[in-house]
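Work through these exercises with the model open beside you. Try each task before you read its solution.

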Amino acid sequence: MITLAEYFAGIGGVSTGAIWAGVKPVYACEYDPKDLEISHFYRNVHKLNSPNQLFDLRPIEQVNQPYPADIAHFSPSCRSFTTHPTRNENSTDLKHAQII
């Protein structure tokens with residue numbers, strides 16, 4: 001089976017798509033120094049969707065070497081592209097994100 005390591009993983013859309021495509025997500029790295037609460041939330045969502053995926057909650061600069069996988073996906077932050085006010089989430093928004 002093809003495996004995926006996802007860097008700057010956010011809420012895990014790439015990992016979810018990989019699962020649907022028959023790819024096994026094995027690693028995700030996400031860390032936002034400006035918002036550790038949301039980084040922890042992202043980790044929890046990843047654990048719901050991919051319970052066997054290792055989630056690294058460290059700055060990318062502290063990741064010494066790429067995680068061994070067939071595919072490495074590096075994604076830019078979506079915050080600069082979204083029009084959604086990212087710090088005005090409410091419990092309904094977070095619940096809907098967990099459903100994904």
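**Exercise 1. Tyrosine 42 and the cores**

Task: Find which residues tyrosine 42 touches, leaving out residues up to four places away in sequence. Then place tyrosine 42 in a nonpolar core.

Solution. Note first that this is a predicted model.
- Step 1. Tyrosine 42 touches Gly10, Ile11, Glu30 and Phe55, with residues up to four places away in sequence not counted.
- Step 2. Now look for the largest nonpolar core. It has seven residues: Ala9, Ala28, Ile38, Phe41, Tyr42, Val45 and Phe55.
- Step 3. Helix α2 gives the most to this core, with four residues.
- Step 4. There is also a second, separate core of six residues. Among its members are Tyr7, Val26, Tyr27 and Cys29.

**Exercise 2. The overall layout**

Task: State how many helices and strands the protein has, and give the order of the elements from the N terminus on.

Solution. 
- Step 1. Count the elements: three helices and four strands.
- Step 2. Read from the N terminus. The order is β-α-β-α-β-β-α.
- Step 3. Check burial. Of the 100 residues, 34% count as buried.
- Step 4. Residues 24 or more positions apart account for 62% of them.

**Exercise 3. The buried side of α1**

Task: Name the buried residues of helix α1, and say what they pack against.

Solution. 
- Step 1. Helix α1 covers residues 13-20, and its buried residues are Ser15, Thr16 and Ala18.
- Step 2. These residues cover an arc of only 160 degrees around the axis, so they sit on the same side of α1.
- Step 3. Recall the general rule. An α-helix has 3.6 residues a turn, so residues three or four places apart point the same way.
- Step 4. Look at the partners. The buried residues of α1 pack against β1 (3-7), β2 (24-29) and α2 (36-49).
- Step 5. Glycine 22 follows α1, and its phi is positive, near 85 degrees.

**Exercise 4. A buried charge**

Task: Find the nearest side chain of opposite charge to glutamate 6, and find a polar contact of glutamate 6.

Solution. 
- Step 1. Locate glutamate 6 in strand β1.
- Step 2. Glutamate 6 is buried, yet it has no salt bridge. The nearest side chain of opposite charge is lysine 47, 12 Å away.
- Step 3. Look for a polar partner instead. The side chains of glutamate 6 and serine 15 are joined by a polar contact of 2.4 Å.
- Step 4. Serine 15 also belongs to the buried residues of α1.
- Step 5. List the contacts of glutamate 6, leaving aside neighbours within four places in sequence. They are Gly12, Val14, Ser15, Tyr27, Ala28, Cys29, His46 and His73.

**Exercise 5. Two serines**

Task: Say where serine 39 and serine 75 are placed, and what each one touches.

Solution. 
- Step 1. Serine 39 is in helix α2. At 1% relative accessibility, serine 39 counts as buried.
- Step 2. A polar atom of the serine 39 side chain lies 2.8 Å from the backbone nitrogen of aspartate 32.
- Step 3. Residues up to four places away aside, serine 39 touches Glu30, Tyr31, Asp32, Phe55 and Leu57.
- Step 4. Serine 75 is in the loop between β4 (71-74) and α3 (91-99). At 18% relative accessibility, serine 75 counts as buried.
- Step 5. Neighbours within four places aside, serine 75 is in contact with Tyr7 and Phe8.
- Step 6. Serine 75 and tyrosine 7 are 68 residues apart along the chain, with their C-alpha atoms separated by 6.5 Å.

How values were computed. Residues are numbered from 1 along each chain as its sequence is written. This is a predicted model: local features need pLDDT of at least 70, side-chain atom pairs count only at pLDDT 80 or more; totals for chains, interfaces and linings use all residues. Side-chain values use heavy atoms; hydrogens and water are left out. Buried means under 20% relative accessible area, exposed over 50%, partly exposed in between (1.4 Å probe, protein chains only). The arc is that of the directions from the helix axis to the C-beta atoms. Contact means heavy atoms within 4.5 Å. A nonpolar core is a set of buried Ala, Val, Leu, Ile, Met, Phe, Trp, Tyr and Cys residues joined through side-chain atoms within 4.5 Å. Lys and Arg count as positive and Asp and Glu as negative; His and the chain ends are not counted. A salt bridge is a side-chain nitrogen of Lys or Arg within 4 Å of a carboxyl oxygen of Asp or Glu. A polar contact is a pair of N or O atoms within 3.5 Å; within protein, one must be able to donate a hydrogen and the other to accept it, and residues adjacent in sequence count only if both atoms are side-chain atoms.
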